[in-house]
Amino acid sequence: MKNILFALILFFSIVLSAQDRTYRAERAKINDLVHTKLKVDFNFEKSQLNGEAWVTLSPHFYAVNKVVLDAKSFKIQDVKVNDKKASYNYSDNELTVELGKTYKKDEEYTVYIKYIAKPEEVTQKGSQNITDAKGLYFIDPKEEDPNKPTQVWTQGETESNSCWFPTIDSPNQKTTQEIYMTVPNKYVTLSNGTLKSQTSNLNGTRTDYWKMDQKHAPYLVFMGVGEFSVVKDSWNGLEVNYYVEPEYASEAKAIFGNTPEMMTFFSTLTGIPYPWDKYSQIVVRDYVSGAMENTTATVHAEDAQQKRGQLIDNNEWESTIAHELFHHWFGDLVTTESWSNLTVNESFATYSVYLWFEHKYGKDKADANMYSDIKTYMESSSEDKDLVRFYYSDKEDMFDAVSYHKGNAILHMLRDVLGDEAFFQGMNTYLTEHKYGTAEAQELRLAFEEVSGKDLNWFFNQWYYGNGHIKMKVTYDFNTINKTVTVNINQTGKAFKFPLSIDIYEETGKTRHNVWVDSAQNSYTFSFNKLPKLINIDAKHVLLAEIADKKTVNEYIYQFNNAPHYLDRRLALEAISIQQQSNKEVFNTFIKALNDPYYEIRILALDNIDLFQKYNKREAIDKIVRLAQSDPKTLVQAAAIGVLGKLVDPIYKPLFERGMNSESYAVIGKSLISLYQIDKQAALTRLNTMSEDTKTYLADAVTAIYISEKDKTKLPFIANHILKGLFLTEDKRTQQTYAEAFKWISESDNEEAITNLTNDFVKLGLRYKKYKFDQMGVNMLNQLIYAQQQSKNSNKNELIIILKTGIAKLIE
């Protein structure tokens, strides 16, 4: 599963709870699932499911005379064993069935249950800490909301599919399945496996029969129902389909179209061709997380649906598409045996993004993504958490920056330790030995050891079964007489063992030294011909580490110009950006960065270049104009237009007006703001001719203008974008804009804006209650109440009632 709200989670919930000291074992296997057959239809009026289930099982080892099935908030109507009435007890969300005889290992039996599933009565937590993890979700079931389609979809991870069908809801179980779904004729259905038949019924409904012949975990079982456009694609003769709302049918292949190429790449990389009978992806409304790797039927949140103006800038969902697809090897084909070992699912899926970006777009993009993931982990205050955790308060706590982002970085280090050939062959061995089964991290270690011939306990003990990360301070002792330099590595936290790459740059070139760090204090002496221009520690940039290494401005400039890694250039620019660019060499480095081959470096240079000084200003501006006009990346064009806009020079008006006609929403947004700064009326005229949908896609720019204009009639629009603008962007200027907007709304008398903002806080607070978002919502709404109490608004009492109602929903 991929969660898209890590930035917001980290903002509000750095430390949630101490690790629980209850040992979390793999669930005991008393009975094994063999096959699950379901017949279901939906009561849209009550948001319930009418179901019949035939669950075939056999004893795992010891003989049994009863079976316990998970069945949450069911009304049980009938139970049989092998077609004979059976005694049962239903309590505490468990159905205990007396089998009527004793069954031995390998003897199969089938339990039949007729039931009504009542998901609205479920109270439990689910994957990504969803507080209403009810497994089965009805979206606008009574067709009351004209802006929302009616849909039904399921979310099983971690153990929520037992909210809609009886099963042994544990990741160490595997089952084949078949589902008969009866729905109104107007709806499309999706489930795991192959659609075998569709039968029209006399009452205006249709029964779709989906069959899955390969075993997978119960939490991966999926149903989706709704009015979708199905855009067809293929891979090696298999169906690859994209289920989207009709409005986005024309963009479906632009969003998901790299999927077949990803399937080829991941098949080649793992040495195992995509192991399932089809691959579909569906986008649903009000999804409770980012996406979910249901076997052959991945579900995505509605943010996956993007318009061409967004996609031409960047497909923001491509990493999620790769993540969920790779789960079909790591997570679906081989599944973690327990939530304690979640890393064997999620760390690999997260690392797949690096692998895909490296393959498709080059190492710079992959390294930029890795840097972002490591930054997320570093900011999460998770140093006390092991990657494999047998002690935690709740299984949902495992879905965090350690299992995802840190695990990603750990795999990258392991790849460096082993080398590419052994690393990828080790992946193949692990998948081959455990396919259609389960595994834990120790079995991953054994697979890599089997291939490489190396003992890896030292690596797994400190990175998988230990916590924290490398922290080191680097100092240098130069001996100009002997022409040597001693590099001192002082680990300031716990001492790790690791290989370290050190590059020494002289006028004649670069020398790579690979050393082994194995204690708290380490020193290494190297000779040189002339005093080094630069010594680059962790030159390969593979370590999960905080490195304190003092460098001069000249060393950073040299690093930017000579060291090859994305981080060499990025970190050098960041370091010198705090210097006065009145230093000619610093400024010229920024000019050079405008031509960097990787677009994010060009944007970083644009964001930090200081045009209000004397050196080469004309040369810099000419380059920026060229970037604004013709850079191959529209995001760079947009950044360049934003820089030119700050000059407030009418000479660039034609450039901004041309930008308004771009297909790129980023270019349009920056052009609109820049035009507003030199010709307000022209910008407002353009803005007033835009559709409401277009304004939504340009929300940051439009909000900034509305705030500047003090147009109170636009407050409802602004309120709809406050949360995203405040908490889901790293851009400080954008955050400042929305902070001003929040203050403006808090003091206003606009009931629609207050209502919109209240509803957003309630929706987000309830969805992510585990992360204390409910408390955040209460705090923010209390700020709004205080502002209203201090105001002179004639309707402040009515507005305070709206706000207090929101608080009541959050704390009930």
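Predicted model: local features only at pLDDT ≥ 70, side-chain atom pairs only at ≥ 80, totals over all residues.
Visitor: Which residues touch the most other members of the largest nonpolar core?

Guide: Such a core is a set of buried nonpolar residues joined through side-chain atoms. Here the largest one has 157 residues, and Phe42, Tyr115 and Tyr464 touch the most other members. Helix 8 (residues 402-418) gives the largest share of this core, nine residues. There is also a second, separate core of 92 residues, which includes Tyr598, Ile621, Ile624 and Leu684.

Visitor: What does Phe42 touch, not counting residues up to four places away in sequence?

Guide: Its contacts, on that count, include Leu49, Leu136, Phe138, Met181 and Val225, along with the polar residues Gln48 and Thr182.

Visitor: Does Thr56 count as buried or exposed, and why?

Guide: Buried means under 20% relative accessible area. Thr56 has 12% relative accessibility, so Thr56 counts as buried. Thr56 belongs to strand 2 (residues 48-59). Leaving out residues up to four places away in sequence, Thr56 touches Asp32, Leu33, Val34, His35, Glu108, Tyr109 and Thr110.

Visitor: What is the strand order in the open sheet of three strands?

Guide: The order is 26-25-28, and the pairing is antiparallel. Strand 26 (509-517) and strand 28 (534-537) are at the edges with a single partner strand each, so one side of each has no neighbour in the sheet. From one strand to the next, the twist averages 20°.

Visitor: How many bridges join strand 25 to strand 26?

Guide: Nine bridges join strand 25 (residues 498-506) to strand 26. Ile502 stands opposite His513 in strand 26.

Visitor: Which helix lies across strand 25 and strand 28?

Guide: Helix 12 (residues 553-562) does, running at about 70° to strand 28.

Technical notes
Residues numbered from 1 in each chain as written. Heavy atoms only, no water. Core = buried A, V, L, I, M, F, W, Y, C linked by side-chain atoms within 4.5 Å. Buried < 20%, exposed > 50% of the residue type's maximum accessible area, 1.4 Å probe, protein only. Helix = DSSP H or I, 4+ residues; strand = E, 2+ residues; numbered from the N terminus. Contact = heavy atoms within 4.5 Å. Pairing = 2+ DSSP bridges. Axes fitted to C-alpha atoms, helices over the stretch in contact; angles between N-to-C directions.
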